[in-house]
Amino acid sequence: MRKNLFNIGLIVTFALSAVAHYMHWGTTIQFAISCLAILFVAGFLGKATESVAHYAGDRMGGFLNATFGNAAELIIAFFLVKDGMFDVVKASLTGAIIGNLLLVLGASVLAGGLKFKEQNFNIKLASHNASLMTLAVIALFIPAVFAKSLTQKETTQMSLIVAGVLIVAYILWLIFSMVTHKKELSDQVVEHSEPAWSKRTSILFLILATVMVGFESEWLVGTLEEFTSRFGLSELFVGAFLIAIIGNAAEHSAAVMMALKNKIGAAVEIAVGSSLQIALFVAPVLIFSSFFMGNTMDIVFTTYELVAIGVAVIISKSISQDGSSNWYEGVLLLAVYLILGVVFFLV
Amino acid sequence: MRKNLFNIGLIVTFALSAVAHYMHWGTTIQFAISCLAILFVAGFLGKATESVAHYAGDRMGGFLNATFGNAAELIIAFFLVKDGMFDVVKASLTGAIIGNLLLVLGASVLAGGLKFKEQNFNIKLASHNASLMTLAVIALFIPAVFAKSLTQKETTQMSLIVAGVLIVAYILWLIFSMVTHKKELSDQVVEHSEPAWSKRTSILFLILATVMVGFESEWLVGTLEEFTSRFGLSELFVGAFLIAIIGNAAEHSAAVMMALKNKIGAAVEIAVGSSLQIALFVAPVLIFSSFFMGNTMDIVFTTYELVAIGVAVIISKSISQDGSSNWYEGVLLLAVYLILGVVFFLV
Amino acid sequence: MRKNLFNIGLIVTFALSAVAHYMHWGTTIQFAISCLAILFVAGFLGKATESVAHYAGDRMGGFLNATFGNAAELIIAFFLVKDGMFDVVKASLTGAIIGNLLLVLGASVLAGGLKFKEQNFNIKLASHNASLMTLAVIALFIPAVFAKSLTQKETTQMSLIVAGVLIVAYILWLIFSMVTHKKELSDQVVEHSEPAWSKRTSILFLILATVMVGFESEWLVGTLEEFTSRFGLSELFVGAFLIAIIGNAAEHSAAVMMALKNKIGAAVEIAVGSSLQIALFVAPVLIFSSFFMGNTMDIVFTTYELVAIGVAVIISKSISQDGSSNWYEGVLLLAVYLILGVVFFLV
């Protein structure tokens with residue numbers, strides 16, 4: 001039943017947004033339909049990825065999830081990069097990171113904490129995740145500080161090198177967590193249900209979903225500029241909150257579900273793992289993509305974005321380092337998200 | 001005997017400062033007497049609050065202590081707000097926070113550590129306290145970063161919203177620590193002695209003490225401007241060190257006493273709890289008060305104040321996170337306080 | 001055999017660099033030979049210090065190691081101070097701190113982690129070390145923030161006072177870790193082999209080595225300015241990376257050796273202990289030296305240097321606080337070092 005509803009929603013919203021795009025309906029209506037459709041196609045892509053990962057076996061499947069888990073964000077950002085909207089790209093990366101660390105994690109911890117007095121998760125994994133997020137913050141922070149003294153060309157060089165370091169660090173992390181130290185880190189992994197489709201269908205659907213996300217992203221991005229200017233919203237706010245929330249909706253509901261089943265470890269893994277993937281994999285891939293497209297996006301984030309990412313990492317680290325969670329820690333995370341939302345809206 | 005001395009001191013200093021005020025004695029003498037008198041009336045108010053809290057029962061009493069524990073600071077600051085001396089208010093809030101986290105905590109840990117090799121306290125409570133202080137720092141830091149891009153009106157809006165978030169977070173914290181997770185957090189609570197007076201007397205004295213603190217604060221604030229300019233002191237230094245130390249003297253001696261009785265947990269609770277109250281309750285209340293008085297104080301602290309609060313939180317967090325203390329950790333806290341004192345004096 | 005090679009290298013490089021200096025060979029050749037010679041004389045000085053420390057007995061020996069363990073860096077920096085090259089001094093102090101925390105610690109953790117799945121060390125000591133490094137960062141950070149509002153004279157006063165606070169904190173730390181809480185902190189101390197020489201020879205060699213390091217440093221410093229300008233390198237890069245790596249080569253190899261013997265605790269102690277010594281002892285001593293030479297070096301580091309030290313402390317703290325290490329944590333440390341190296345080179 002629920003599955004049918006999803007399928008209907010997927011087809012209807014996608015078709016509608018295609019019509020809206022090619023018939024040149026109003027910007028606002030196009031933007032709204034695209035947002036709705038993105039929710040569905042991103043969910044579809046996530047399901048297809050998971051299903052293919054299931055057939056790919058344990059290790060290869062883990063790798064697939066780890067690299068394509070944020071495929072929707074990646075594709076949306078890719079079209080933003082293609083249009084040279086680098087500021088919106090960075091804002092949406094920022095938004096995805098803080099959205100996962102504050103909103104998704106906060107809602108999960110709060111929901112789980114209202115049902116269970118205290119929930120526990122693997123402290124070793126949390127501590128490693130925290131160190132990796134610290135690396136990510138450092139790697140974004142340093143270029144911003146030093147960029148003032150660099151020429152355009154040096155900034156590009158620096159961006160490519162730092163992006164390279166991050167990707168290598170991420171690959172080594174996958175080897176560490178899935179090969180050499182798998183047993184130590186995985187006492188409460190994300191539970192994967194049985195795949196919905198056969199192997200062949202899964203692969204076909206993965207391709208189909210990717211294509212659909214691609215189209216949908218292009219249509220959404222096409223309306224963005226006009227939409228933000230019409231409503232007097234800053235691109236920073238739209239990128240960091242609207243787009244990020246839409247792109248992360250699937251993770252969001254999955255994490256809250258896990259928390260309500262008292263699997264807070266899985267919820268933490270989804271939320272933190274996803275922001276790690278954004279910072280250490282998606283961001284560098286976008287920089288390299290832009291390089292190959294001939295107009296390199298630099299890795300220099302604005303002070304506002306760095307502050308947002310920095311405080312998100314600090315508060316989530318402060319909360320996760322004891323390996324247990326309760327409802328009040330969810331409140332703290334959401335409070336910080338709320339404050340950031342307000343100031344980004346006002347700026 | 002000691003009690004009698006206190007009573008005599010209270011009456012004499014209060015009377016003297018009243019005379020000094022109404023007879024227009026010299027500024028310096030007025031300032032000095034007021035400082036002395038504040039020590040006594042703040043102590044009196046603290047004692048009366050505790051006594052009323054005793055009769056109010058466990059939960060209501062805890063709530064009373066949690067909200068009126070810093071009543072003296074609140075009242076002093078209130079008169080500063082009334083006179084529009086927003087810079088001194090923020091300096092004194094800063095001073096109260098760092099005074100509690102560095103001076104009060106440092107002296108307690110040092111004193112306790114010289115008597116006992118190692119003292120232990122509830123690591124869960126310390127960890128929650130640290131997360132709350134982190135929220136407070138974030139909530140003060142973000143507005144300062146974003147204020148540059150905001151208009152006056154937007155800054156006011158932001159200040160009110162952030163203040164609202166902080167008060168809600170504080171109220172939820174009281175519910176968390178006193179209702180839903182009381183047992184987990186309170187293995188070594190602050191010991192309250194038997195109340196000195198009957199219920200009725202306690203209430204009367206609470207009112208009397210509040211009135212006395214009110215008068216005394218008004219007199220002190222009245223002399224402040226002339227005093228600082230005469231001695232070439234910055235308002236920053238006077239607010240952050242002089243007034244803060246005077247207003248916190250009662251907590252200070254109580255915390256050191258607890259540490260010497262090997263109840264370092266209680267000392268930590270007094271010091272850290274007090275700075276939390278300042279940041280999450282007193283500061284927002286002052287902002288709302290100023291709003292209702294028609295001239296809203298914003299929540300934008302200076303870089304110097306933010307650095308002071310930030311480093312105080314960082315070092316106290318670094319020291320308290322292992323749940324045990326020794327004399328050297330007291331030295332570290334005091335060293336940071338000393339360095340801050342020197343630079344604030346020089347600036 | 002290996003010992004003989006060292007002795008030959010020591011004598012040959014020292015003699016060669018003397019000839020190069022007095023015969024006025026080319027700057028590049030002089031610089032290169034001096035660098036090589038410094039490696040040997042610093043190693044010689046380290047060995048002589050350790051040998052004298054052995055005869056001096058447990059406590060006095062520990063004190064000797066703690067104060068003269070970085071004698072080579074101190075002497076090099078002393079000659080830089082004498083020549084008024086304050087910027088290079090600060091860059092080399094920065095480089096020594098981050099070199100120890102990131103390169104030496106990272107290489108040790110990586111090397112040890114590739115051989116052993118997990119290595120453990122004293123969590124109490126690590127936590128104290130982290131708090132001390134936090135004090136050091138704070139003590140360097142605060143002056144830089146406040147310096148903008150200070151006159152030259154006030155900056156000098158502040159520098160001397162902060163330097164005094166740091167030295168006192170360091171002395172108290174020695175008392176704490178070697179006297180009052182020795183037992184709690186030293187479950188895995190650095191292993192000292194039997195001294196190579198008799199007591200008398202050791203003392204003679206200590207004096208000889210000090211003199212040799214002195215000469216060598218003077219020669220090296222003399223070529224520095226011309227060398228950097230010829231190759232278009234910034235003094236920041238040369239000070240923070242080249243000189244720091246050369247001056248720390250002995251610690252570096254010692255720490256990696258320890259890690260490979262599964263004594264990661266000793267490796268951590270060498271790396272972190274050494275950076276603490278630089279920040280809390282060598283830096284203040286240099287400031288006081290410059291004061292007595294009549295031209296006080298201030299304690300105000302550049303933003304770049306502070307960022308480098310700050311991120312090094314944050315990531316090493318994040319990694320060491322769980323009391324265990326693995327190869328991936330070494331990767332993280334080295335990744336941050338690499339990023340810093342790139343940006344310092346580009347600036």
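What follows is a talk about a predicted model, from one chain to the contacts between chains.

Student: How many helices and strands are in chain A?
Tutor: Keep in mind that the model is predicted. Helices and strands are counted from the N terminus. For chain A the count is 14 helices and two strands.

Student: Which residues of chain A does UniProt list for "domain: Sodium/calcium exchanger membrane region"?
Tutor: The entry is unreviewed, and it lists two stretches of chain A under that name, 28-178 and 202-345. Take the stretch 202-345: its end C-alpha atoms are 40 Å apart, and the chain there is 83% helix and 1% strand.

Student: At what angle do helix 5 and helix 14 of chain C cross?
Tutor: Helix 5 of chain C covers residues 86-115, and helix 14 of chain C covers residues 327-346. Their axes come within 7 Å. The crossing is left-handed. Its angle is roughly 150°.

Student: By class, which residues make up the contact of helix 5 with helix 14 in chain C?
Tutor: On helix 5 of chain C, the residues include Ile98(C), Leu102(C) and Gly106(C). On helix 14 of chain C, they include Trp327(C), Glu329(C) and Tyr337(C). By class, the contact has 15 nonpolar, three polar and one charged residues.

Student: Which helix of chain C supplies the largest share of the side that touches chain B?
Tutor: In this contact, 24 residues of chain C meet 23 residues of chain B. Helix 6 (123-146) and helix 7 (152-180) of chain C each supply at least two residues of that side. By class, the side has 17 nonpolar, six polar and one charged residues. The largest share, 11 residues, comes from helix 6 of chain C.

Student: Which helix gives the largest share of the side of chain A that touches chain C?
Tutor: Chain A puts 24 residues into this contact, and chain C puts in 23 residues. Helix 6 (123-146) and helix 7 (152-180) of chain A each give two or more residues to the chain A side. The largest share, 11 residues, comes from helix 6 of chain A.

Student: Which residue of chain A comes closest to the rotation axis?
Tutor: A rotation of 120° with 0.0 Å of shift along its axis superposes chain A on chain C. The distance to that axis is taken at the C-alpha, and the closest residue lies at 5.9 Å. The residue is Gln321(A).

Notes:
Residues are numbered from 1 along each chain as its sequence is written. Chains are lettered from A and ligands numbered from 1 in the order in which they are written. This is a predicted model: local features need pLDDT of at least 70, side-chain atom pairs count only at pLDDT 80 or more; totals for chains, interfaces and linings use all residues. Two residues are in contact if their C-beta atoms, placed from the backbone, lie within 7 Å. Helices (H or I, at least four residues) and strands (E, at least two) are DSSP runs, numbered from the N terminus. Ala, Val, Leu, Ile, Met, Phe, Trp, Tyr, Cys and Pro count as nonpolar, Asp, Glu, Lys and Arg as charged, and the others, Gly among them, as polar. Copies are superposed by least squares on the C-alpha atoms of residues with pLDDT of at least 70 in both. UniProt positions are given in the numbering used here, feature names are shortened, and annotations may be inferred rather than shown by experiment. Axes are lines fitted to C-alpha atoms, for helices over the stretch in contact, and angles run from 0 to 180 degrees between N-to-C directions. A crossing is left-handed if the near helix is turned anticlockwise from the far one by less than a right angle, and right-handed if clockwise.
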